[in-house]
Amino acid sequence: MNRPDLCLEFVNTRYWRGQATPTETLNQPEDLAAWSAANGGPKGAKPLARKEFDQAIELREMIHRLFDAEAQDKAPAARDLEALNHALAEAPARTTLRRERSLYGWDVDIRSGTALALLAPVLWSAGDLLAGSRLDRVRRCANPECGWLFLDDSRAGKRRWCSMQSCGNRAKAKRHYHKSRES
């Protein structure tokens with residue numbers, strides 16, 4: 001239930017960030033409610049009001065900037081860290097564990113209908129990942145058009161692509177094409 005990379009999965013709801021028009025999967029509040037439910041969030045949560053939805057998108061972009069900077073060995077902007085700390089302080093606290101299908105997770109009171117309540121597990125994930133021992137394993141896909149962020153759990157810690165099925169294969173095909181043209 002509690003996944004350290006949940007915050008990165010949330011960030012990746014917007015992808016192909018290196019293209020002129022990135023792909024957005026969260027276009028309306030219902031999309032966010034569905035994403036949350038599919039990723040271990042509360043089932044049956046009502047979609048947020050438009051203002052709350054807009055705040056959720058701002059939180060996503062702030063989390064992206066934090067981890068994108070870390071993935072590039074740059075210091076994140078102080079304002080982004082301050083914004084995350086503010087969001088964590090305002091989000092519901094982790095107080096109650098629940099067990100579901102032999103896994104444990106934090107129970108969140110979502111009755112308030114706020115972005116901070118719905119995204120509390122994402123915020124906790126971001127804080128835990130930033131403060132934990134795996135921060136140096138956060139990577140940005142080597143495909144400049146992709147821009148996905150991921151947690152590199154490979155043994156050697158040298159994974160370059162978000163996945164070999166998409167960006168990795170594209171890079172291999174491109175290299176092969178250029179090599180065969182040179183020959």
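Helix 1 (6-11), helix 3 (50-71), helix 5 (115-118) and helix 6 are among the elements that cover the buried residues of helix 2. This is a predicted model. Start with helix 2 itself, which spans residues 29-38. Its buried residues are Pro29, Leu32, Ala33, Trp35 and Ser36. They cover an arc of only 165° around the axis, so they lie on the same side of helix 2. An α-helix has 3.6 residues a turn, so residues three or four places apart point the same way. Just after helix 2 comes glycine 40, with a positive phi of about 85°.

Now turn to helix packing. Two packed helices are described by the angle between their axes and the distance between the axes. Take helix 3 and helix 6. Their axes are 12 Å apart, and the angle is about 15°. Angles under 35 degrees count as roughly parallel, so helix 3 is roughly parallel to helix 6. The crossing is left-handed. On the helix 3 side, Leu59, Ile63, Leu66, Phe67 and Glu70 make the contact. Helix 6 supplies Val122, Leu123, Ala126, Leu129 and Leu130. Sorted by class, this contact has nine nonpolar residues, no polar ones and one charged residue.

Helix 6 (residues 120-131) also meets helix 4 (residues 78-90). Here the axes come within 10 Å and cross at roughly 130°. That angle makes helix 4 oblique to helix 6. This crossing is left-handed. Leu84, Ala87 and Leu88 of helix 4 touch Leu123, Trp124, Ala126, Gly127 and Leu130 of helix 6. By class, the contact of helix 4 with helix 6 has seven nonpolar residues, one polar residue and no charged ones.

Finally, look at two loops. Tryptophan 16 lies in the loop between strand 1 (14-15) and strand 2 (23-24). Its phi is positive, about 55°, although tryptophan 16 is not a glycine. Is tryptophan 16 buried or exposed? Its relative accessibility is 15%. Buried means under 20%, so tryptophan 16 counts as buried.

Serine 102 sits in the loop between strand 3 (96-100) and strand 4 (103-107). Serine 102 is not a glycine either, yet its phi is positive, about 65°. Is serine 102 buried or exposed? Its relative accessibility is 53%. Exposed means over 50%, so serine 102 counts as exposed.

Note on methods:
Residues are numbered from 1 along each chain as its sequence is written. This is a predicted model: local features need pLDDT of at least 70, side-chain atom pairs count only at pLDDT 80 or more; totals for chains, interfaces and linings use all residues. Side-chain values use heavy atoms; hydrogens and water are left out. Axes are lines fitted to C-alpha atoms, for helices over the stretch in contact, and angles run from 0 to 180 degrees between N-to-C directions. Helices (H or I, at least four residues) and strands (E, at least two) are DSSP runs, numbered from the N terminus. Angles under 35 degrees count as roughly parallel, over 145 as roughly antiparallel, 65 to 115 as roughly perpendicular and the rest as oblique. A crossing is left-handed if the near helix is turned anticlockwise from the far one by less than a right angle, and right-handed if clockwise. Contact means heavy atoms within 4.5 Å. Ala, Val, Leu, Ile, Met, Phe, Trp, Tyr, Cys and Pro count as nonpolar, Asp, Glu, Lys and Arg as charged, and the others, Gly among them, as polar. Buried means under 20% relative accessible area, exposed over 50%, partly exposed in between (1.4 Å probe, protein chains only). The arc is that of the directions from the helix axis to the C-beta atoms.
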